[in-house]
Every structure is written in structure tokens, then in C-alpha cells.
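The following paragraphs lead through a protein model, moving from its sheet to the helices that cover it and then to its cores and some individual residues. Please keep the sequence and the structure at hand while reading.

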Amino acid sequence: MSTHLNWIQEEIQALKDAGFYNQIRTISSPQGAWLVIDGQRYLNFCSNNYLGLANHPRLVEAAKKAIDQYGVGPGAVRVISGTNDLHIELEERMARFKGVEAAITLQSGFQANTAVIPALIGKKDYIFSDRLNHASIIDGCRLSGGKVVPYEHCDMASLDEVIRQNRGQFRRALIITDGVFSMDGDVAPLDKIYAIAKKYDLLLMVDDAHGEGVLGKGGRGIVDHFDLHGKVDIEVGTLSKAFGVVGGVVAGSATIIEWLRQRGRPFTFSSAVTPADAAACLAAIDLLESSTELVDRLWENACYFKAEMKKLGFDTGVSTTPITPVMLGEAPLAQQFSRALFEAGVFAMANSYPIVPQGKARIRVMISASHAREDLDRGLEAFVQVGKKLGVIH
Ligand SMILES: *Cc1c(COP(=O)(O)O)cnc(C)c1O
């Protein structure tokens with residue numbers, strides 16, 4: 001027997017022993033307030049489907065129509081023969097929605113980060129990056145070859161200091177932050193970060209994956225939330241969270257977007273999302289532009305759930321967005337809590353080290369506009385029951 005893959009078995013066993021092995025559930029229903037797993041219905045507290053668009057009839061209809069008209073595949077990478085009019089329309093509509101000059105779509109938010117960072121930053125350059133930035137930002141930074149200098153999470157004194165320490169060392173530099181941090185639900189102080197970017201004349205990029213469709217007027221995102229239109233060089237986004245479909249986007253000046261059509265490697269060397277995906281995203285923009293109803297309902301639900309959880313005695317951390325961490329401390333307790341919720345019919349994930357710091361394990365509840373008040377009440381009941389049983393509340 002060959003032994004050359006034994007090291008993988010050992011690594012996997014180590015993950016299991018340490019409680020870091022991902023147990024992935026299989027869903028056999030559309031994404032919505034409820035999910036079917038192994039033939040049973042579960043209340044869904046862990047999807048990023050903020051506005052309930054993942055199975056919205058208008059998006060489903062648009063995707064079906066696009067399949068009838070265009071078929072299912074994009075044919076080639078976009079620079080050869082894979083750009084169709086739906087991709088262009090989506091980019092124009094996205095730019096208008098975000099209030100920027102131009103936008104380019106990628107296959108995912110992850111790809112958007114690996115496209116834009118290396119296109120702007122090279123070996124002679126520096127990146128100042130929030131310590132808690134998303135993995136796709138970290139990978140985009142690595143691919144760029146630039147020197148990455150982390151600053152303490154949302155700490156403006158730390159950002160200013162690391163820039164001052166490194167001034168004169170670089171050709172150009174980029175400050176990068178997540179807009180909404182996905183584990184804690186806190187919002188980056190983008191207005192203050194902008195002031196620092198301006199003071200030192202640096203490029204500024206925000207990854208608004210959890211802010212689009214959530215923050216700002218009718219879900220226009222973090223730049224709108226802080227009224228910084230025209231001041232942030234690059235906005236990265238995803239079409240897989242609030243937009244309910246799949247894909248990534250980079251929005252900003254026409255100059256940067258033109259450059260990405262030439263030098264964004266995931267754009268030039270990998271095929272685009274399908275016409276059905278693009279059509280569904282267009283229908284999502286139609287919905288968001290026609291009414292703020294879904295965004296309003298998302299916030300109403302989030303405020304209700306958070307307020308009730310606090311009344312019950314749970315610690316919901318520092319979140320100011322619909323992301324609701326329920327802080328539990330040690331990883332085994334968070335895992336036990338998640339399992340007990342599942343037995344009570346609620347699907348909510350435990351997050352522990354290394355995704356969050358040691359001793360800060362939690363259940364992360366993702367509230368959606370698709371939850372009815374009764375759904376939230378069902379969830380609250382389960383939290384009371386499990387919280388009392390495990391001694392988290394009294
Ligand atoms: C989810 C997320 C991404 C990845 O988006 P995908 O479209 O799923 O690839 C990128 N950045 C941040 C901050 C995210 O939260």
C-alpha cells in the first residue's frame with residue numbers, strides 16, 4: 001500500500017481531534033427561512049440570504065427567461081467570446097446602483113479580491129490591512145506580491161502609526177478594510193479611514209460583502225451609509241449574499257475598471273457567471289431600486305431578535321448590523337449549543353478558533369428579511385430552552 005497520502009489522513013485526524021473539522025450539512029430545499037436537511041425542516045439561522053432573494057419568484061423567473069434566450073453556459077472567458085449583453089447591463093446597472101462611474105463583475109466576491117488587489121499593487125508597494133479582514137482579501141494581498149502591514153482591528157491610531165512607520169518605503173500603497181466584519185457584525189469606521197487615506201494620499205478599498213443590500217439607502221452599501229460617494233477608490237462586493245445569486249463585483253472609477261478588464265487575472269483567464277446568474281442579479285437590482293421594503297424588514301427583524309436576546313440575558317457582542325453573534329466563550333460549549341439547537345429544529349453554526357479568537361467562540365445567527373415574526377419567536381424559544389439547559393442563561 002502506498003503511503004504518500006498518509007500525511008493528509010494525519011492532518012484530517014488532527015483537525016477532528018481539535019474540533020476544527022468542518023461537518024458540512026446537505027440541504028435539499030431552496031434557501032429560505034426554513035431548510036430541509038435529511039428530510040426534516042429546520043429554521044435557517046445561518047445563511048447570508050439577507051433579503052430572501054435566493055429563491056425570490058422575480059429572480060427565478062428572470063433566470064428561467066435568460067436560459068430560454070441564451071442557454072446555460074458563457075462559452076469562453078469574457079475577453080474572448082464570453083461577454084454577453086446581460087453582463088454589460090449588469091455592470092452598468094450595478095454602477096448606477098452604487099453611485100460610481102463603473103463596475104466590473106467577476107465569478108465571486110473571492111475572485112473580485114484576487115482580481116483587483118494584484119492589478120493595483122506590486123512588489124514595490126505596501127498594503128495596510130485590518131487584522132480581521134476576510135480570507136479572500138488576505139489571498140488577494142499575497143498574490144499581489146506587495147508588503148502587507150496589518151493594523152489593529154478598526155483602530156485608527158494603529159493605522160496612522162503603521163503608515164507613518166513605513167512612509168518613504170513604497171511606490172504606492174493601499175488601505176484595505178472589510179465594510180461589515182462577518183464574525184462580529186461591527187462596521188469599519190470608513191469615514192475616519194478615508195480621512196487617513198487622504199492625509200497620506202493612499203488608495204482606499206472596502207470589501208462590502210456584508211454591507212450591500214444591508215447598509216445605506218435601500219441597501220446601497222457602506223459608502224452610501226457614510227456618504228462617501230466618489231471618495232473610496234475601490235468597492236468590492238458579492239452577488240451571493242444580499243443579492244441572493246452568485247458573483248462578485250468591483251465598483252469605482254472608470255479608469256480602475258478599464259484596467260481590470262485588461263489586467264484582472266480572474267477576469268481575463270476564467271469564464272464569467274452564466275446568463276441566468278446575470279439576469280437574476282438584474283432582477284435583484286430592480287427589486288432594490290423599486291422599494292426599500294426588504295431592507296426595512298431585514299432591519300426590523302434584526303432589531304427585534306437582538307433586543308429579545310438581550311432581554312433573555314444573552315451577550316450579543318458588538319454587532320450593529322443584522323449579524324447576531326451569541327457569545328459563549330469556549331469552543332466545546334459553542335459546539336454543544338449548536339448541536340442542541342439543531343435537535344430543537346434550529347440550524348445555527350458555532351464559530352470558534354481559528355475563525356474567531358480563542359475564548360470567543362459563539363453561535364452566529366444570521367437574520368433575514370425572509371424570517372416571519374413567528375420564525376424569530378420559534379428561534380428565541382429554542383435559545384431559551386438550550387440556554388437554560390446549558391447554564392448560559394438562568
Ligand atoms: C463572503 C465574503 C466574500 C466572498 O464572497 P463570495 O461571493 O462568496 O466569494 C468576500 N469578502 C467578504 C468580506 C465576505 O464576507
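Two strands are said to pair if DSSP finds at least two bridges between them, and the strands themselves (E, at least two residues), like the helices (H or I, at least four residues), are DSSP runs numbered from the N terminus. The model is predicted, so local features need pLDDT of at least 70 and side-chain atom pairs count only at pLDDT 80 or more, while totals for chains, interfaces and linings use all residues. Residues are numbered from 1 along each chain as its sequence is written, and side-chain values use heavy atoms, with hydrogens and water left out.

Seven strands make up an open sheet with mixed pairing, in the order 3-9-8-7-6-4-5. Strand 3 and strand 5 (147–151) stand at its edges with a single partner strand each, so one side of each has no neighbour in the sheet. On average, neighbouring strands of this sheet are turned by 20° against each other, direction ignored; axes here are lines fitted to C-alpha atoms, for helices over the stretch in contact, and angles run from 0 to 180 degrees between N-to-C directions.

Within this order, strand 8 can be followed through its pairings. With strand 7 it pairs in the parallel sense over three bridges, and M205 stands opposite I234 in strand 8. With strand 9, strand 8 pairs in the antiparallel sense over five bridges, and here V236 stands opposite V250 in strand 9. Strand 9 is in turn joined to strand 3 by five bridges, the two running antiparallel, with A103 opposite A251 in strand 9. Five of the five residues of strand 8 are buried, where buried means under 20% relative accessible area, exposed over 50%, and partly exposed in between (1.4 Å probe, protein chains only). Both faces of the strand are covered, with I234, V236 and T238 buried on one side and E235 and G237 buried on the other.

Helix 5 lies across strand 3, strand 4 (126–130), strand 6 (173–178), strand 7 (203–207), strand 8 and strand 9, and runs at about 160° to strand 8. Helix 8 (residues 190–200) lies across strand 5, strand 6 and strand 7, running at about 175° to strand 6.

An α-helix has 3.6 residues a turn, so residues three or four places apart point the same way.

A nonpolar core is a set of buried Ala, Val, Leu, Ile, Met, Phe, Trp, Tyr and Cys residues joined through side-chain atoms within 4.5 Å. The largest has 64 residues, and those with the most contacts inside it are L51, F128, L159 and I175. Helix 12 (residues 275–290) gives the most to this core, with eleven residues. Domain 1 (22–50 + 292–389) and domain 2 (67–290) both give residues to the core, so it lies between them; these bounds come from an automatic or database domain assignment. Apart from this core lies another, of 28 residues, among them F45, Y304, A348 and A350.

E91 lies in helix 4 (residues 85–98) and is buried, with a relative accessible area of 3%. Leaving aside its neighbours within four places in sequence, E91 is in contact with R78, A103, I104, T105 and R261.

Most residues other than glycine have a negative phi, and most peptide bonds are trans. D201, in the loop between helix 8 and strand 7, has a positive phi of about 55° although it is not a glycine. The peptide bond from Y353 to P354 is cis, with omega near 10°, and P354 is found in the loop between strand 12 (349–351) and strand 13 (361–366).

Methods:
Contact = heavy atoms within 4.5 Å.
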